Amino acid sequence: MEDDDHLKDINEKYRDITDPKNWVKMFPTIESFKKWLMIGTLEDVESTLREFENAELYEYCSVILEVIKDKSE
């Protein structure tokens, strides 16, 4: 049972880390967030957009859409 608790704790920490609302805290500016997006593939950025839309982080979604446009040209 202790292993189950440990696994639940790890899963909860992973969800917290990957939650877009927490993820954006790692970036001091929108520009640094945009630079991070530019590292990913178009598919990566599109996947990120879906997650940020679900989290209703629309300010960041607009930046993600700009990067998608740039990567699509």
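Which exposed residues does the face of H5 turned away from its buried side carry? They are Tyr58, Glu59 and Lys69. Before going further, please keep in mind that this is a predicted model.

Now the other side of H5. The buried residues in this helix are Tyr60, Cys61, Val63, Ile64, Val67 and Ile68. Around the axis they cover an arc of only 160°, so they sit on the same side of H5. What do these buried residues pack against? Their partners are H3 and H4.

A quick check on the geometry of H5. It has 15 residues, and at 1.5 Å a residue these should span 21 Å. The C-alpha atoms at its ends are 20 Å apart, which agrees.

Next, the core. The largest nonpolar core has 15 residues. Those touching the most other members are Phe33, Leu37, Val45, Phe52, Leu57, Tyr60 and Ile64. Two or more residues come from each of helix H3, residues 30-39, helix H4, residues 42-54, and helix H5, residues 58-72. H5 gives the most, with six residues.

Take Phe33 as an example. Leaving out residues up to four places away in sequence, phenylalanine 33 touches Phe27, Phe52, Tyr60, Val63 and Ile64. Of these, Tyr60, Val63 and Ile64 are among the buried residues of H5.

That leaves the charged pairs. How many salt bridges are there? The count comes to two.

One of them joins the side chains of glutamate 66 and lysine 34, at 3.2 Å from N to O. Glutamate 66 is in helix H5 and lysine 34 is in helix H3, so this pair ties together parts that are 32 residues apart in sequence. Glutamate 66 has a relative accessibility of 38%, so it counts as partly exposed.

The other joins lysine 13 and aspartate 9, with 3.4 Å from N to O. Both residues lie in helix H1, residues 2-18, and they are four residues apart, about one turn of the helix.

To sum up H5: its buried residues pack against H3 and H4, and its glutamate 66 meets lysine 34 in a salt bridge. Its opposite face carries the exposed Tyr58, Glu59 and Lys69. That is all I have.

Conventions: Residues numbered from 1 in each chain as written. Predicted model: local features only at pLDDT ≥ 70, side-chain atom pairs only at ≥ 80, totals over all residues. Heavy atoms only, no water. Core = buried A, V, L, I, M, F, W, Y, C linked by side-chain atoms within 4.5 Å. Buried < 20%, exposed > 50% of the residue type's maximum accessible area, 1.4 Å probe, protein only. Contact = heavy atoms within 4.5 Å. Expected span 1.5 Å × (residues − 1). Arc of directions from axis to C-beta. Salt bridge = Lys/Arg side-chain N within 4 Å of Asp/Glu carboxyl O.
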